[in-house]
Amino acid sequence: MNILVTVVAGYIGSHTVIELLESGHRVVVIDNLSNSCEKSLERVEEITGKKVPFYQVDIRDREGLGKVMGSFLEETGQHFDCCIHFAGLKSPNESIRIPLAYYDNNINGTLVLLDVLRGYGCKNLIFSSSASVYGDPAVIPVTEECPKGQCTNPYGWTKSMLEQILMDMHTADPEYNIVLLRYFNPLGAHRSGLIGEDPNGIPNNLMPYITQVAVGRREELSVYGDDYDTPDGTGIRDYIHVVDLACGHVKALKAIEEKCGLAVYNLGTGRGYSVLEVVRAFEEANGLKVPYVIKPRRAGDVAVSYSDPSKAERELGFKAKYDIVDMCRDAWNWQRKNPDGLKCENAIR
Ligand code: NAD
Ligand code: WQD
């Protein structure tokens, strides 16, 4: 298929582009590089041995998007068959401080993108949604039927609202095929260690914090809360290897090809790990110590969230292959080979 991917340089996008190319798809990518850099694209090309057509375009830039789609049509005589839409701002904490930037970037950006895609006849879309749409999940393990909940930050609301917008579009025009993928917690990196999670500034997420402690960039991990109603008192999440997550997108493309209409899938492993279990798994997998201190709970965190992944297995044939040891090993392999990340001088945020 001809696929337009909004982002190549980001964490999940870069891993997905590799899987798409390796599955024989033709890929064109756009990114405004606000949270990533071209070095990551170069590394994707190194891993795959393929050149990836890249345009530095913001998804809010109607004219820029039109040029990308127009040039593709002119060069190939074909339209894009599907758009995989990752582009967005993703920090829950930051979104509390600058909500308008989040609503503008994520919601306005997606509206512009959808409109331009429609103008070029592309009615197939895979959207990066998030387990955060469940809020504090009403059911554990979380099935797709679990009611969406109260999000605890504007970032989560952008995902929840965009899901609704996409559902409304499908209702208005059933020719649309839209897959909403609700990611649980991606971890790890490509086994080459050439690409991985590369946050700007202080990491919000657990694993990049752990790897930065292990590599000596930070003194100790803060474990946010040991008084949850869980066996060891720390929060439980469903961590999924980023390469498994990437493969989930290739499976979702098959659903699009089979004209799935509107479909919603959790992408997780179905297994929850506590914060302290992740720390121990990391230490054992890599023969390292990760000093930590217990701190108060982090505002907005839920105690337990892990998926029921059976719908994706049943309908897409998707099942995560990697376990927590693989995730910890690959995350560390990336960090130790790139102790300072990719040093993206062009990152504008
Ligand atoms: P990331 O920040 O690494 O990648 C996002 C990319 O989007 C970056 O390359 C950034 O430059 C680009 N971007 C942002 N705004 C843009 C715009 N207006 N125009 C063009 N490009 C723009 O994040 P990621 O972790 O790879 O996440 C990818 C998607 O998955 C996001 O939509 C995120 O919300 C979603 N998601 C992530 C997680 C997670 O834990 N990482 C979980 C659930 C959902
Ligand atoms: C995991 C666990 C923390 C950091 C967030 C977003 C969500 C999604 C994924 C995009 C929790 C604990 C963490 C640290 C810690 N992103 N923790 N010390 O909170 O499940 O989800 O990322 O869609 O929207 O909210 O992931 O990795 O931040 O935290 O103790 O320094 O680790 O309290 O229990 P979370 P996380």
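Which of the 19 residues around ligand 2 come nearest? In this predicted model, the answer is Tyr155, Ser222, Arg237, Arg298 and Asp301.

Two of these residues also show up when the polar side-chain atoms are checked against the ligand's oxygens. Tyr155 puts a polar side-chain atom 2.5 Å from an oxygen atom of ligand 2, and for Asp301 the distance from a side-chain N or O atom to a ligand oxygen is 2.6 Å. The backbone gets involved too: a backbone N or O atom of Asn204 sits 3.4 Å from an oxygen atom of ligand 2. As for how much of the ligand is covered, ligand 2 exposes 680 Å² when taken alone, and the protein buries 87% of that.

Sorted by residue type, the shell around ligand 2 comes out as 9 nonpolar, 7 polar and 3 charged residues. Strand E8 gives the most, with 4 residues.

Turning to the nonpolar packing, the largest core has 70 residues, and Leu4, Val17 and Ile126 have the most contacts inside it. Helix H8 (residues 242-257) provides the largest share of this core, at 8 residues. Take Leu4 as a worked case: with neighbours within four places in sequence set aside, Leu4 is in contact with Val28, Ile30, Val68, Met69, Phe80, Cys82, Cys83, Ile84 and Leu117.

Definitions and conventions:
Residues are numbered from 1 along each chain as its sequence is written. Chains are lettered from A and ligands numbered from 1 in the order in which they are written. This is a predicted model: local features need pLDDT of at least 70, side-chain atom pairs count only at pLDDT 80 or more; totals for chains, interfaces and linings use all residues. Side-chain values use heavy atoms; hydrogens and water are left out. A residue is near a molecule or strand if one of its heavy atoms lies within 4 Å of it. A polar contact is a pair of N or O atoms within 3.5 Å; within protein, one must be able to donate a hydrogen and the other to accept it, and residues adjacent in sequence count only if both atoms are side-chain atoms. Accessible areas come from the Shrake-Rupley method with a 1.4 Å probe; for residues, only the protein chains shown count as cover. Helices (H or I, at least four residues) and strands (E, at least two) are DSSP runs, numbered from the N terminus. Ala, Val, Leu, Ile, Met, Phe, Trp, Tyr, Cys and Pro count as nonpolar, Asp, Glu, Lys and Arg as charged, and the others, Gly among them, as polar. A nonpolar core is a set of buried Ala, Val, Leu, Ile, Met, Phe, Trp, Tyr and Cys residues joined through side-chain atoms within 4.5 Å. Buried means under 20% relative accessible area, exposed over 50%, partly exposed in between (1.4 Å probe, protein chains only). Contact means heavy atoms within 4.5 Å.
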